[in-house]
Amino acid sequence: MKILVTGGAGFIGSHQVLALLQAGHDVHVVDDLSNSSSLSLERVAALTGIEVPLDVVDITDRSELMASVVRATPDAVIHFAARKHVNESLHRALDYHRVNIGGLITLLEVMATAGVKQLVYSSSGSIYGDAEIHPIPESTMPNPSNPYSRTKAMGESILRDLCRTDERWSITALRYFNPAGAHESGMIGEDPTGLRTNLLPVLMDVAVGNQTDMMVNGLDYPTPDGSAVRDYVHVVDVAEAHLRALDSGPEGFRCFNIGRGVGVSVLELIAGVEQATGRSIAWRAGPRRAGDVAQLFGDTRLAAEGLGMETYRSLDTICRDAWHWQSRNPHGYRTTG
Ligand SMILES: NC(=O)c1ccc[n+]([C@@H]2O[C@H](COP(=O)([O-])OP(=O)(O)OC[C@H]3O[C@@H](n4cnc5c(N)ncnc54)[C@H](O)[C@@H]3O)[C@@H](O)[C@H]2O)c1
């Protein structure tokens with residue numbers, strides 16, 4: 001298939017592009033590089049021998065996006081491009097809605113004009129907010145606790161409505177929990193050019209010596225050790241879920257949790273990183289972050305039934321592969337800090 005990947009230079013997107021190429025698909029990337037570097041795609045080219053076309057385009061720019069879709073003639077789109085920081089969204093709500101909602105609507109209109117009606121959408125486990133039942137099943141009513149998560153839940157509502165009004169659309173929303181780790185080659189990994197708020201890259205920065213310590217935000221949550229609990233899932237498994245969603249998509253809207261279904265606390269992740277890296281991680285206690293919830297881990301049964309996602313790489317593998325990437329690339333895609 002020919003696949004257009006928005007946000008394909010980013011963390012998950014670059015792993016997705018690699019997985020698509022390895023599965024024999026043709027890929028075309030649209031990314032404004034606001035939180036990534038085109039070097040990620042150069043590394044993918046080094047791994048595969050295939051140079052993927054990259055259009056440096058903002059998805060909210062309708063005419064530029066249309067031109068990209070005309071060039072790419074895709075059969076389907078995987079839509080990663082979005083603003084993604086919970087905390088930042090509390091201060092820049094309008095910007096989050098402009099890109100995540102405005103960009104989604106622009107993309108859907110452009111796709112409709114071009115007659116492309118298959119989409120895999122990056123949703124988020126964070127749409128559940130402070131859920132009562134863990135692991136959280138997909139049937140749980142979304143209750144997002146911040147603007148970022150609200151844009152993801154609203155995006156799903158838009159996609160659901162679209163599928164109701166035109167039954168030729170085939171749309172899969174994947175609600176990822178905490179994608180982490182890196183490709184086993186150590187050639188591509190997580191290296192945001194903007195804010196660094198995901199936990200594992202921060203821990204890796206301490207392990208490699210880019211920063212002396214890190215802050216554990218909140219040790220007073222109602223969790224076994226008081227730190228926040230999340231569901232870390234290997235980024236290569238996340239990419240695999242998209243491949244399966246493309247292969248098995250019937251018409252209409254469907255959604256799946258993409259996580260391992262295992263809650264891991266911040267302190268447990270620190271211990272995992274210490275074991276994988278052989279280095280001790282200095283940390284200090286800090287206040288809770290606004291917009292965060294105590295725990296978030298998903299029920300994986302629907303993804304097993306609907307996508308055949310039965311096995312996942314372990315937390316040890318996530319930490320080991322993240323360290324392989326970080327120790328080979330202490331400053332990410334840049335050569336110096
Ligand atoms: N990483 C996570 O923890 C996580 C969890 C749940 C959901 N998600 C979602 O998965 C998707 C990918 O996340 P990621 O971690 O790879 O983030 P990322 O920031 O590395 O990737 C997003 C990419 O989109 C690009 N982009 C942003 N705004 C754009 C715009 N207006 N036009 C074109 N390109 C634009 C960025 O430059 C970047 O390359 C996002 O939609 C995110 O909300 C991520």
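Both faces of strand S5 are covered in this predicted model. Gln118, Val120, Ser122 and Ser124 are buried on one side. Leu119, Tyr121 and Ser123 are buried on the other.

Strand S5 pairs with strand S4 (residues 76-79) in the parallel sense, over 3 bridges. Within this pairing, Ile78 has Val120 of S5 as its bridge partner. Strand S6 (residues 170-176) also pairs with S5 in the parallel sense, here over 7 bridges. Ser123 is bridged to Arg175 of S6.

A separate description applies to an open sheet of 3 strands, ordered S12-S9-S14. Its pairing is mixed. Strands S12 (264-265) and S14 (295-296) form the edges, each pairing on one side only. Strand S9 (residues 229-230) runs antiparallel to S12, and 2 bridges join them. Val229 has Ser265 of S12 as its bridge partner.

Helix packing was examined for H7 (residues 199-208) and H11 (residues 315-328). Their axes come within 10 Å and cross at roughly 50 degrees. This angle makes H7 oblique to H11. The crossing is right-handed. On H7, the contact is made by Leu200, Met204, Ala207 and Val208. On H11, Ala322, Trp323, Gln326 and Ser327 take part. By class, the contact of H7 with H11 has 6 nonpolar and 2 polar residues, with no charged residues.

Methods:
Residues numbered from 1 in each chain as written. Predicted model: local features only at pLDDT ≥ 70, side-chain atom pairs only at ≥ 80, totals over all residues. Axes fitted to C-alpha atoms, helices over the stretch in contact; angles between N-to-C directions. Helix = DSSP H or I, 4+ residues; strand = E, 2+ residues; numbered from the N terminus. Parallel < 35°, antiparallel > 145°, perpendicular 65-115°, else oblique. Left-handed = near helix turned anticlockwise from the far one by under 90°. Contact = placed C-beta atoms within 7 Å. Nonpolar A, V, L, I, M, F, W, Y, C, P; charged D, E, K, R; others polar. Pairing = 2+ DSSP bridges. Buried ≥ 20, exposed ≤ 12 C-beta atoms within 10 Å, placed from the backbone.
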